[in-house]
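Student: I have a new chain on my screen. Can we work through it together, step by step?

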Amino acid sequence: METVDLEYDIQKFIADFPWLLNINYQNIPELKDINSDMELHIEGNKRPDLILRDSLTGFPVIVEFKRFDLTRDTVGQILEYKARITAFQKEDDILFKIFENKIYAPKLVIIVRSSDIYGKIACHLQSIDVIEYGNIESKVITGDITFRKSVEDFSKTLKNLTPPIDFQRSQYLENNVYDIFYDVFKKYKIDQKWRYYNNYDIGDYWSYNNLFLNKWFLKDQEISIGIYEDILHKCNFNVCISYYSKNETKLKELKDLLSIQKNKYIDMELRPDDENNYMLNIEYESNYFYHNVKNILDFNLKEYLKKVTVK
């Protein structure tokens, strides 16, 4: 396969599944309708390879693909695209209609075969993300059916996710999970141990930290509580409530108490977490959890307090 075809094939693959770059990147239907070849003409008749939307912030994402390693020319090219998009926008331009004032602060992404550390540092200083497509190349150009199917399946999961991945997801989790957890803390008179889980910017992990269910409660107690979506371990969005402790006996006793709800959860497992800790993990099907948040959290905390005196 010629290299120019490789560049187009990877570009098309990413356009089909933009979450491969970032879980909250999404296609823009208005641009797909106008540009079947994925490229949009901007001021000066220039053509960025792909423009996406960051579903968490609403900002545009300018993506440039190169079939070779990162070069200075590519960095200059994407900075030129940014300048042309931000400096020459008119209110009747398609990008302004889509993004409004957010068009003036686009995110920049360069996708290359590879880059040395100096290139990555230079791009980082200009707020440009560099992504190496690595072994995706062989999977894309050989038409790896298993790989394509797994990507398609995960993509369908993202589209059907409840709550969906969009602008409101982090706020939804705060209102419909964390606030309910706080109310349960108040009910059992341990709200003095609550700490607020506001959406602070903590670097690269920020978007994921707030986009997905992932918090740790009662850290200073004999048994602490974690609640998260199991994206990394089982690659799904089922919700886990986990209990962590050095005291395996206490966790076994807690497991006996919690197991009475066995028709409510998918799986319950007690296992070593590391050399000195154990974890009791309870997994709930995602839709069931979000439709029964209050009852699930209330039951878990009530049984927890039978084994732990919160200090």
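## Contacts, sheet and cores

Tutor: This is a predicted model. Of the contacts in the chain with a separation of 6 or more, 60% are between residues 24 or more positions apart.

Student: How many helices and strands does the chain have?

Tutor: The chain has 311 residues, and 45% of them are buried. Its elements number 12 helices and 10 strands.

Student: Which residue is the bridge partner of tyrosine 25 in S2?

Tutor: S2 covers residues 50–54 and is joined to S1 by two bridges. The partner of tyrosine 25 in S2 is aspartate 54.

Student: Which residue in S5 stands opposite isoleucine 110?

Tutor: S4 and S5 run parallel, with five bridges between them. Opposite isoleucine 110 stands valine 130.

Student: How many of the six residues of S4 are buried?

Tutor: Buried means under 20% relative accessible area. S4 is mostly covered. The number of buried residues in S4 is five.

Student: Which residues have the most contacts inside the largest nonpolar core?

Tutor: That core has 35 residues. Elements giving it two or more residues include helix H8 (169–187), strand S7 (224–229) and helix H12 (293–304). Apart from it lies another core of 28 residues, among them Phe17 and Trp19. In the largest core, the residues with the most contacts are Ile227, Tyr243 and Phe289.

Student: Which residues is tyrosine 243 in contact with, leaving aside its neighbours within four places in sequence?

Tutor: Tyrosine 243 is one of the residues with the most contacts inside the largest core. Its contacts include Ile223, Leu251, Leu254, Met279, Asn300 and Tyr304.

Student: How many disulfides does the structure hold?

Tutor: A disulfide is a covalent bond between the sulfur atoms of two cysteines. Cysteine 123 is buried, at a relative accessible area of 0%. Cysteine 240 is buried too, at 0%. The number of disulfides is zero.

Student: Is glutamate 100 buried or exposed?

Tutor: Glutamate 100 lies in the loop between helix H4 (94–99) and S4. Its phi is near 55 degrees, a positive value in a residue other than glycine. Exposed means over 50% relative accessible area. Glutamate 100 has 52%, so it counts as exposed.

Student: What is phi of lysine 189 near?

Tutor: Lysine 189 sits in the loop between H8 and helix H9 (206–211). It counts as exposed, at 66% relative accessibility. Its phi is positive, in a residue other than glycine, and is near 60 degrees.

Methods:
Residues numbered from 1 in each chain as written. Predicted model: local features only at pLDDT ≥ 70, side-chain atom pairs only at ≥ 80, totals over all residues. Heavy atoms only, no water. Pairing = 2+ DSSP bridges. Helix = DSSP H or I, 4+ residues; strand = E, 2+ residues; numbered from the N terminus. Disulfide = S-S within 2.5 Å. Buried < 20%, exposed > 50% of the residue type's maximum accessible area, 1.4 Å probe, protein only. Core = buried A, V, L, I, M, F, W, Y, C linked by side-chain atoms within 4.5 Å. Contact = heavy atoms within 4.5 Å.
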